[in-house]
Amino acid sequence: PCSSLLYSSAASDVYKRQLWVIALGLSMDAFAVSISKGLAMRAFRWKQALAIACCFGLFQGIMPAIGYVVGLQFSQMIQNWDHWIAFVLLALIGVNMIREGLSSDDEPAPSLISLKHLLTLGVATSIDALAVGVSFAFLSVDILLAVFIIGLTTFVISFIGVKSGHFLGKKFKSKAEIFGGLVLLVMAVKILHEHGVF
């Protein structure tokens, strides 16, 4: 019985470590986008940084739960279209950031965060998590624990991304928003490449 209990405890630790690794992987897109938003900040604002981190963390946590509930029924649809949806959203936002960066520096700075803009980024960076949630449904994963770990990891990583991006933006102020837009475009193309489009 003792050895069985030790084995169960060890298996649980491995399981939790795997969830943290999955969470870190899923948060990388949000991290890259957060850096691009930090680059565009003229002045670091805690409220905006927390709003970005909360939005990304919330979506990354919710999407696996949705995928878990949906299960295999729509998994093929998700796999066929998730990368195209993410590509279009990221590409549109990236092009818009580049356009704003190319506008005259004398013009008033555009509002850095609108609710619509933030929600769009939240969806675009968390679609992969939806497909991961589908796989969770067939692996007997504790979905509440997974949602907590993924959401928390993405929140922390995204906040670090915004702060890091702002630090870099202060050192390289000229056309930082253009660079941020290019980051999103590269990510959009990378998503298609990872799904074998090219």
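Analyst: Let me begin with a term: a residue is buried when its relative accessible area is under 20%, exposed when it is over 50%, and partly exposed in between, using a 1.4 Å probe and protein chains only. This is a predicted model, in which local features need pLDDT of at least 70 and side-chain atom pairs count only at pLDDT 80 or more, while totals for chains, interfaces and linings use all residues. Residues are numbered from 1 along each chain as its sequence is written, and side-chain values use heavy atoms, with hydrogens and water left out.

User: OK, what percentage of the residues count as buried?
Analyst: Of the 198 residues of the protein, 43% count as buried.

User: And how many helices and strands are there?
Analyst: The protein has eight helices and zero strands, where helices (H or I, at least four residues) and strands (E, at least two) are DSSP runs numbered from the N terminus.

User: Switching topic, which residues make the nonpolar surface patch?
Analyst: Trp20, Phe148, Leu152, Val156 and Ile160 make this patch of about 460 Å². Areas come from the Shrake-Rupley method with a 1.4 Å probe, and for residues only the protein chains shown count as cover.

User: Which helix gives the largest share?
Analyst: Helix H7 (residues 143-171) does, with four residues.

User: Why does Leu152 count as partly exposed?
Analyst: Leu152, which lies in helix H7, counts as partly exposed because its relative accessibility is 35%.

Note on methods:
Patch = residues over 30% accessible without salt bridge, like charges linked within 9 Å, V, L, I, M, F, W, Y side chains within 5 Å. Salt bridge = Lys/Arg side-chain N within 4 Å of Asp/Glu carboxyl O.
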